[in-house]
Amino acid sequence: MKQDKHSPNSNCSGCLGCQRGRDLYLDAALDQLHEEGRYRTFIDIERQNGHFPHATWRQADGNERPITVWCGNDYLGMGQHPAVLTAMHEALNATGAGSGGTRNISGTTVYHKRLEEELADLHGKEAALLFTSAYIANDATLSTLPKLFPGLIIYSDALNHASMIEGIRRNGGTKRILRHNDVEHLRELLAADDPSVPKLIAFESIYSMDGDFGPIQAICDLADEFGALTYIDEVHAVGMYGPRGAGVAERDNLMHRIDIINGTLAKAYGVMGGYIAASAKMCDAVRSYAPGFIFTTSLPPAVAAGAAASVAHLKRDGTLREAHQTQAKILKTRLKMMGLPLIDHGSHIVPVIVGNPVHTKKLSDMLLEGYGIYVQPINFPTVPRGTERLRFTPSPAHGRCEMDALVGAMDTLWSHCALNRIDLVG
């Protein structure tokens with residue numbers, strides 16, 4: 001344990017050499033979050049295998065309560081699918097727990113290679129490169145590309161995920177921020193730059209907080225016109241859109257026009273990890289230059305095996321995808337009929353705008369404590385101030401009973417807030 005450099009009785013008011021000085025800074029940072037109503041609290045839950053989306057809430061006083069999870073990213077319930085669990089058990093029994101190293105030093109196994117082959121096939125690319133998360137895949141790739149293409153300018157959508165923003169920020173290259181989904185603004189930015197300079201357009205297929213779609217075809221057209229690479233984040237679409245679950249670009253027959261596809265294994269596929277899919281030479285270059293790949297211990301073989309089984313299953317079976325879209329449409333229709341301020345862009349994302357961080361947290365607490373419905377509040381910086389929301393993620397396993405309970409609870413609580421003149425929007 002680090003020792004204080006000053007005595008406990010010191011009058012230090014900001015020196016980091018003593019605990020009191022450190023605490024002053026930390027208290028100020030945490031107090032700011034509390035004052036703004038943005039302090040995040042976590043609850044301890046235990047998922048129930050075979051009973052998704054039901055779970056057990058382990059409370060601080062030791063009591064346990066049954067809850068229904070309405071904010072999980074295991075969109076299709078694949079985290080408890082028999083095919084996934086069987087593959088993980090078999091790999092665990094065969095290899096043990098961890099991978100034993102980085103991909104460069106003993107951490108590449110047959111399970112990692114098999115998963116990369118599944119992902120390359122999924123997206124119709126020559127190769128795929130596996131990372132420990134989609135965040136790291138975005139960060140590592142986008143921060144490495146200027147090393148591979150000197151002078152690279154990256155054109156980034158204003159609402160891109162934090163991992164993309166961080167990777168672009170750290171790469172030391174030039175960036176241009178285009179207004180969200182504004183194709184004409186993108187054209188202006190591209191036209192203003194030197195035609196001979198390497199260019200890349202980075203955007204998402206589905207923006208997870210509003211649920212709107214990126215204009216993939218229009219962006220690809222501009223990329224062709226101006227000689228730019230295309231980089232798409234399909235994190236909230238892989239497994240759920242397209243004939244084989246490869247995402248919105250597959251659904252729209254545009255995968256061949258995308259140079260680098262980023263995806264996750266931790267949402268629709270129900271496991272963990274992230275990846276890029278691209279040409280063999282692109283993946284080889286990123287593999288060879290990206291510190292986020294080179295110096296990170298690889299995923300456990302059992303995780304890679306489970307992810308590969310999930311990807312393979314969802315390539316063949318679209319039943320869960322269809323049921324998922326149906327449940328999302330039903331929930332949005334019912335919430336709209338209640339007059340709730342819902343954003344609906346036609347995707348599976350179901351955001352209900354509350355517009356105040358304190359009220360959003362209060363509504364979340366009331367749903368949990370009064371109805372056993374668990375949905376986390378979404379606040380700044382994840383969404384802009386004034387657009388705080390509850391973001392519901394229905395799945396094929398959220399049936400009529402779970403849907404009725406949620407709709408009834410939201411109707412009661414929203415009416416209660418209105419009667420008590422609690423302004424939930426604005």
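Two residues are in contact when heavy atoms of one lie within 4.5 Å of heavy atoms of the other. In this predicted model, contact in this sense joins helix α6 to helix α7: V183, L186, R187, L190 and A191 in α6 meet A218, I219, L222, E225 and F226 in α7. By class, the residues of this contact comprise eight nonpolar and two charged, with no polar residue. An α-helix has 3.6 residues a turn, so residues three or four places apart point the same way.

Helix α6 covers residues 183–192 and helix α7 covers residues 216–226. Their axes are 10 Å apart and form an angle of about 15 degrees. Angles under 35 degrees count as roughly parallel, and α6 and α7 are therefore roughly parallel to each other. The crossing of α6 past α7 is right-handed.

As α4 passes α5, the crossing is right-handed. On the α4 side the contact involves Y135, N138, D139, L142 and S143. On the α5 side it involves A162, S163, M164, E166, G167, I168 and R170. Five of the residues in the contact of α4 with α5 are nonpolar, four are polar and three are charged.

Helix α1 was examined for its length. It runs over residues 19–36, a total of 18 residues. The distance from its first C-alpha to its last is 26 Å, close to the 26 Å expected at 1.5 Å a residue. After α1 comes G37, which has a positive phi near 75 degrees.

Is F52 buried or exposed? Its relative accessibility is 17%; because buried means under 20%, F52 counts as buried. When residues up to four places away in sequence are not counted, F52 touches R47, D74, G77, Q80, S395 and A397. F52 and I343 are 291 residues apart along the chain, and their C-alpha atoms are separated by 26 Å.

Notes. Residues are numbered from 1 along each chain as its sequence is written. This is a predicted model: local features need pLDDT of at least 70, side-chain atom pairs count only at pLDDT 80 or more; totals for chains, interfaces and linings use all residues. Side-chain values use heavy atoms; hydrogens and water are left out. A crossing is left-handed if the near helix is turned anticlockwise from the far one by less than a right angle, and right-handed if clockwise. Helices (H or I, at least four residues) and strands (E, at least two) are DSSP runs, numbered from the N terminus. Ala, Val, Leu, Ile, Met, Phe, Trp, Tyr, Cys and Pro count as nonpolar, Asp, Glu, Lys and Arg as charged, and the others, Gly among them, as polar. Buried means under 20% relative accessible area, exposed over 50%, partly exposed in between (1.4 Å probe, protein chains only). The expected span of a helix is 1.5 Å times one less than its number of residues. Axes are lines fitted to C-alpha atoms, for helices over the stretch in contact, and angles run from 0 to 180 degrees between N-to-C directions. Angles under 35 degrees count as roughly parallel, over 145 as roughly antiparallel, 65 to 115 as roughly perpendicular and the rest as oblique.
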